[in-house]
Amino acid sequence: MLSRGTAPAADVTRWAAGRLAQGVLTVALAAVLAFVLMRLAPGDPLAALGEDRPLTAEARAQLEARFGLDRPAAAQFAAWATALLRGDLGTSIATGQPVAGLLLARLPASLLLGGTVLLLTFGLGIPLGVLQARHPGSLVDRLLGGLSLTAWSVPAFWLGLVLAALVAVRWRLLPAAGMADPLLDPAAPWAVRAADVGRHLVLPAVTLTVVSIAAVMRYQRAAMRSALALPSVLAARARGLPERRVVWGHAWRNALGPVIALLGLWLPLLVTGAVFVEYVFDWPGLGQLAAAAVAARDYPVVMGVTLVVAATTVAGNVVADLLHVAADPRLRG
Amino acid sequence: MTAGSPFGRALCTPGARAGLALLALLVLAALAGPALLPDPTAQPDVLGGAGLPPGTTHPLGTDQLSRDVLARLVSGARISLTVALLSVALAVTIGTLVGLLAGYAGGWVDAVLMRLVDAALAIPRLFLLLLLLAAWDRIPLWALVVTIGATGWLATSRVVRAEVRRLATEPFVLGAEALGAGPMRVAFRHLLPNALGPVLVSATLGVGNVILLEAGLSFLGLGVQPPKPSWGGMIFDARETMHAAPWTMLAPGIAIAVTVLAVNLVGEALRRATEQGS
Amino acid sequence: MSRARVPLASSFLALARVAAILLPGVLPAGGLAAQQDVPGAVVIVIGRDPVTPVPTLTRSSADLDVANQLFLRLARLAPGLRTWGDSGFVPELARRWSRRDSVTLAFDLDARARWHDGRPVVANDVVLTLDRARNPATGGRHAAQLSEIASVKAEGSRRVVVTFRRSYAEQLYDVVFPVPPLPAHLVGAIPAESLEASPFVRQPVGNGPYRWVRSVPGQLVELEAVRGHFLGTPGVRRVVFRIVPDADARLNLLLSGDGDAQEAVSPPVANLERIRAAGHLREVPVASGLLGYVLFNFADPADSARARPHPILGDPRVRRALVRALDRTRMVRSVFGPYAAVPEGPTSQLWWIRSLAPAPLAPDTAAARQLLADAGWRDTDGDGVLDRDGRPLRLRLNVPAPSPPRRLIALQMQEQLRPLGVQLEVNVVEGGVFMQRRNAGDFDLDFGGAVQEPSPSGIVNSWSCANAGKPDGNVGRYCDPGVDSLVSLARFTGGDPAPYWREALARIQRDAPAIFLYAPATAFAVSTRYRNATLRPDSPWGDLYRWSVDPARALPRDRPGR
């Protein structure tokens with residue numbers, strides 16, 4: 001958005017290398033920041049292991065040695081960073097599982113939910129925003145604007161709780177929680193398993209889409225309104241082109257920039273946009289893992305998630321810039 | 001482009017009027033309500049009077065500790081609104097100053113500040129809050145305000161920086177510099193007033209976000225400490241009783257939605273005004 | 001928006017119908033035979049991951065839930081849960097046992113017992129496991145308890161002989177209950193300290209009625225029945241422990257029929273009413289080791305050495321006043337409903353000695369006021385809070401955020417103490433922070449919770465002088481040598497330990513080291529489609545192998561296609 005995207009074509013490589021270096025620096029800084037914050041926050045990462053059954057001093061010492069908690073903070077960070085360079089993200093204190101495995105196990109769920117929500121918000125938000133822009137001030141425009149703004153104002157977890165209580169528990173239309181029926185045979189036909197996951201996906205995806213669609217609609221509506229007033233669009237209409245082609249062929253292409261920038265900025269949401277909703281529906285995504293890890297002071301997991309999220313954010317910004325350049329004819333010029 | 005008149009006109013649109021009226025009503029209720037209603041922390045009858053449905057003595061029913069839901073809602077409004085307004089004010093102040101500094105100073109100051117902002121933006125705000133709030137024993141209100149404010153200025157600083165960098169090449173700024181105005185004077189007399197438009201808009205929309213955020217934090221058990229009522233805390237408490245006593249969940253949820261909607265209506269009108277003004 | 005949801009939901013309903021049509025296609029052709037023999041499945045919804053579901057390493061209830069299905073004990077506790085003497089036990093891996101003298105016990109293993117890899121269970125398995133468990137360097141949390149064991153020897157492949165350092169009441173219990181045997185042929189090659197990180201923990205091989213199938217961290221653990229197990233082939237073939245951290249989401253799964261059973265339905269009482277109203281579920285109260293109490297700090301948290309007595313709580317009159325000021329029954333009933341029980345002393349429902357405890361003191365605010373006045377606390381500045389020498393009677397109560405019962409009770413305590421001029425600051429903090437403060441002795445009042453094992457000798461860990469100030473031990477630094485010697489007499493007497501326990505508990509009541517609040521039965525929820533679905537206090541799902549599914553009410557998941 002803060003567009004460095006106007007670079008001449010010859011400098012693209014240099015620009016990309018610069019962005020990459022900047023991105024790595026950003027991610028590294030984010031990791032240091034997260035580590036420092038975690039060290040400043042009090043809390044015992046071994047506390048959750050005992051759960052009301054005391055750990056003996058010996059067991060505690062063993063665990064501390066295993067996870068390096070007995071060493072100074074700087075040494076721990078150095079050890080973490082060195083292992084990272086070897087591609088080792090460490091072991092979760094709370095579950096004893098390798099962090100990389102935990103992240104990989106959670107990533108598909110996050111991508112599925114986040115991807116579905118992005119698809120729905122943009123797939124529905126763009127046409128609705130265009131519809132609003134074509135009839136500004138009309139009843140449809142005001143109704144859609146009012147409804148989406150109302151939905152935008154509702155806390156996502158609250159909507160989730162209410163939907164779960166009604167749709168899943170009272171009416172039993174859809175599963176209340178989880179991502180798949182754990183008893184479904186892993187060897188069941190592909191279609192059966194996909195349908196099962198789909199049923200679990202509906203409520204969390206609908207909840208998140210409802211509360212976030214307003215942003216896409218508003219961006220699209222504003223961009224479309226200015227695009228409809230562009231001389232080139234007015235000229236196209238004057239030439240007697242069909243309305244459909246004027247709107248989608250000419251105006252919309254010009255109104256794509258801001259929406260695409262928004263898409264880039266929302267990419268990180270694929271990973272952690274849904275912490276609360278994941279809690280409510282027990283969706284096994286990264287957001288829930290991350291929040292639980294922060295609460296339990298499971299340092300290796302928090303660091304792992306921070307890396308993934310920071311990298312996605314940086315990548316999202318780059319993608320936003322690239323798409324912005326690609327979509328805006330003036331910038332391509 | 002003077003900021004005053006389009007904003008003034010913006011606030012006369014029907015949406016903004018509805019929003020302002022709702023907000024005025026809320027503030028009135030938050031100010032006058034507690035005097036008229038029962039003590040929001042009193043637990044008159046935990047065994048017999050818990051989870052009562054709405055009725056004449058308790059217009060919005062009682063919660064699982066037999067406390068009056070309306071009284072808690074109204075005194076929660078005070079706390080939720082105070083936290084939101086103060087923390088947004090703080091965030092906007094920090095964000096504006098940092099943005100002004102980075103945008104106007106440029107060079108390595110700009111580079112360092114923006115890299116740090118990038119890094120902080122790359123960690124989800126919720127994680128930052130979880131880690132920062134964990135440092136408190138019993139989170140005092142001011143600490144909640146400071147923590148939410150201190151994690152909310154990043155985006156504002158980038159908006160202000162962009163605006164300042166655009167303005168810095170405008171004739172009136174270059175003119176002021178040519179006339180010998182010092183950097184402080186240029187920054188605060190010429191750049192700041194003209195960059196305030198987008199700041200005001202992002203602040204208004206930020207209030208809504210913070211109300212939702214505070215609710216979310218309380219939902220995870222962090223946030224305003226009991227027995228002080230806050231809307232998010234009420235939802236947290238109501239989770240266990242939402243089926244047996246749905247009003248304990250509906251009341252704070254609707255209160256949040258209505259308030260955020262009112263704030264957003266005003267913010268939306270202001271935003272339209274800046275878009276039309278530029 | 002609401003309009004858009006309907007077609008969406010209905011299209012997924014249509015998909016679900018497709019699934020329902022497809023599913024029978026992969027089932028074996030049904031018919032009367034299938035009607036009579038339902039393989040059966042049970043989805044047990046639990047709150048956290050089993051991390052180390054292996055004896056010697058078990059730490060949480062989730063670990064124990066899974067470990068108890070995989071690993072049998074030499075013997076289990078009979079229903080009375082009497083942990084002393086040799087008669088209160090039912091054979092499991094050990095077919096029988098005999099006492100050679102007051103310090104020697106011999107166990108004969110059941111020849112039919114097999115590990116899940118087919119190898120027989122042998123005496124050496126027991127020797128290796130007990131030797132590891134009682135070694136303080138490697139033993140984990142049971143080492144101290146097993147310190148009275150002098151030697152464990154194999155006589156042939158099926159007989160184990162255990163000798164003790166002295167005669168005491170819980171010899172048999174110590175051998176059979178805390179640590180079930182591990183397979184020596186698999187574990188023997190793994191050093192004890194690296195067992196936790198070894199593949200064995202991720203793919204445990206046991207000898208119980210269910211064997212390990214798979215786990216998906218954060219989501220589920222799946223077990224399957226061992227056909228021809230010597231205790232009988234389990235009637236329910238598949239067991240899935242489904243991990244759902246959020247209490248509401250757990251209950252929702254059960255109510256919507258996706259889960260079959262749940263451990264400890266969380267308060268409030270309204271949740272129990274929902275279970276009853278659901279129709280397809282029943283609630284099963286099970287005596288539990290759960291004990292909730294507000295601990296007094298005997299040391300001053302402002303003194304970093306914790307050597308100075310607590311300026312307010314060091315006075316026994318103040319402690320007693322706080323106990324008497326509270327209507328504990330009322331608070332606990334509002335949270336636990338019909339299963340509430342106020343203990344007098346640190347005794348959960350699992351401890352047989354709870355019947356020896358004195359009757360709880362009735363609430364008496366007048367007496368509480370008098371005690372506070374006797375201790376010199378008066379409201380001299382008229383601010384509604386008592387004070388003495390310029391110090392207000394203000395106390396900090398730490399409560400862990402993840403525990404709704406403790407939070408609800410703490411808020412009630414705050415309200416009940418306010419009229420007496422006692423200002424209680426309730427600090428709701430995250431679990432990790434709570435434990436750190438607790439172990440550091442950084443609190444005035446600490447809302448502790450414990451899950452007790454059946455042996456009352458656990459009292460030593462939390463209330464003895466020797467453990468004062470130890471992390472995860474006696475963190476409140478209560479110390480009464482009289483109680484210590486009575487407990488010691490009770491544990492090592494040759495005769496009936498009851499009189500000593502009775503006197504020890506009476507002394508604890510007089511000392512008031514804590515406000516003992518609840519020792520409830522926990523309510524489990526189980527689908528009504530299971531027959532013979534009993535639960536046990538010593539191991540809630542321990543009878544799972546006896547359950548079966550009512551064929552008339554079988555669900556698709558009870559008849560998986562294979």
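## Domains of chain C

Domain bounds here come from an automatic or database domain assignment. The model is predicted. In chain C the assignment gives three domains. Domain 1 is built from three stretches, 31-71, 208-288 and 521-558. Domain 2 covers 75-187. Domain 3 covers 290-520.

## Where domain 1 meets domain 2

The C-alpha centres of domain 1 and domain 2 of chain C lie 28 Å apart. Domain 1 of chain C brings 19 residues to the contact, and domain 2 of chain C brings 21. Together the two domains bury about 1,500 Å², with 63% of that area on carbon and sulfur atoms. Which residues of domain 1 lose the most area to domain 2? They are T56(C), F230(C) and D538(C), which together make up 43% of what that side buries.

No salt bridge is found across this interface: the count is zero. Two residue pairs are in polar contact there, both residues at pLDDT 80 or more. On the domain 1 side, α3 and β8 (210-216) of chain C each supply at least two residues. That side divides into ten nonpolar, three polar and six charged residues.

## Chain C against chain A

Here 65 residues of chain C touch 61 residues of chain A. The two chains bury about 5,500 Å² between them. Carbon and sulfur atoms account for 59% of that area. How many salt bridges join chain C and chain A? The count is zero. Three residue pairs are in polar contact, with both residues at pLDDT 80 or more.

Several elements of chain C give two or more residues to this side, including α3 (61-70), β10 (238-243) and β18 (445-451). The most comes from α1(C), with ten residues. By type, the chain C side holds 30 nonpolar, 16 polar and 19 charged residues.

## Chain B against chain C

This contact takes 27 residues from chain B and 30 residues from chain C. The buried area is about 2,400 Å², and carbon and sulfur atoms give 48% of it. Between these chains there are three salt bridges. One of the pairs across the two chains is R330(C) with D45(B), at 3.2 Å from N to O. The chain B side divides into 13 nonpolar, six polar and eight charged residues.

Charged residues also link up in a group. D63(B), R67(B), R72(B), D237(B) and R407(C) are joined in a network of salt bridges.

## Salt bridges inside chain C

Side chains of opposite charge can pair when their charged atoms come close. Over all chains, the count comes to 42 salt bridges. One of them joins D108(C) and R159(C), with the closest N and O atoms 2.7 Å apart. D108(C) sits in strand β5 (residues 104-109) and R159(C) in strand β7 (residues 159-164), so the pair ties together parts that are 51 residues apart in sequence. Is D108(C) buried or exposed? Its relative accessibility is 10%, and buried means under 20%, so D108(C) counts as buried. R159(C) is partly exposed, with a relative accessible area of 30%.

A second pair is D260(C) with R557(C), whose closest N and O atoms are 2.6 Å apart. D260(C) lies in the loop between α8 (247-255) and β11 (261-262) of chain C. R557(C) lies in the segment after β22 (548-549). D260(C) and R557(C) are both buried. Another salt bridge joins R536(C) and D543(C), at 2.9 Å from N to O. These two residues are also buried.

## A look at Q349(C)

Where is Q349(C)? It is in the loop between α11 (328-336) and α12 (365-374) of chain C. Its relative accessibility is 17%, so Q349(C) counts as buried.

Beyond its neighbours within four places in sequence, Q349(C) contacts several residues, among them A287(C), S288(C), R354(C) and P520(C). A519(C) is also in contact with Q349(C). The side chain of Q349(C) reaches the backbone oxygen of A519(C) at 3.1 Å. The C-alpha atoms of Q349(C) and L81(C) are separated by 9.8 Å, while the two residues are 268 residues apart along the chain.

Conventions. Residues numbered from 1 in each chain as written. Chains lettered and ligands numbered in written order. Predicted model: local features only at pLDDT ≥ 70, side-chain atom pairs only at ≥ 80, totals over all residues. Heavy atoms only, no water. Contact = heavy atoms within 4.5 Å. Buried area = accessible area lost by both parts, 1.4 Å probe. Salt bridge = Lys/Arg side-chain N within 4 Å of Asp/Glu carboxyl O. Nonpolar A, V, L, I, M, F, W, Y, C, P; charged D, E, K, R; others polar. Helix = DSSP H or I, 4+ residues; strand = E, 2+ residues; numbered from the N terminus. Buried < 20%, exposed > 50% of the residue type's maximum accessible area, 1.4 Å probe, protein only. Polar contact = N/O pair within 3.5 Å; in protein donor to acceptor, adjacent residues only side chain to side chain.
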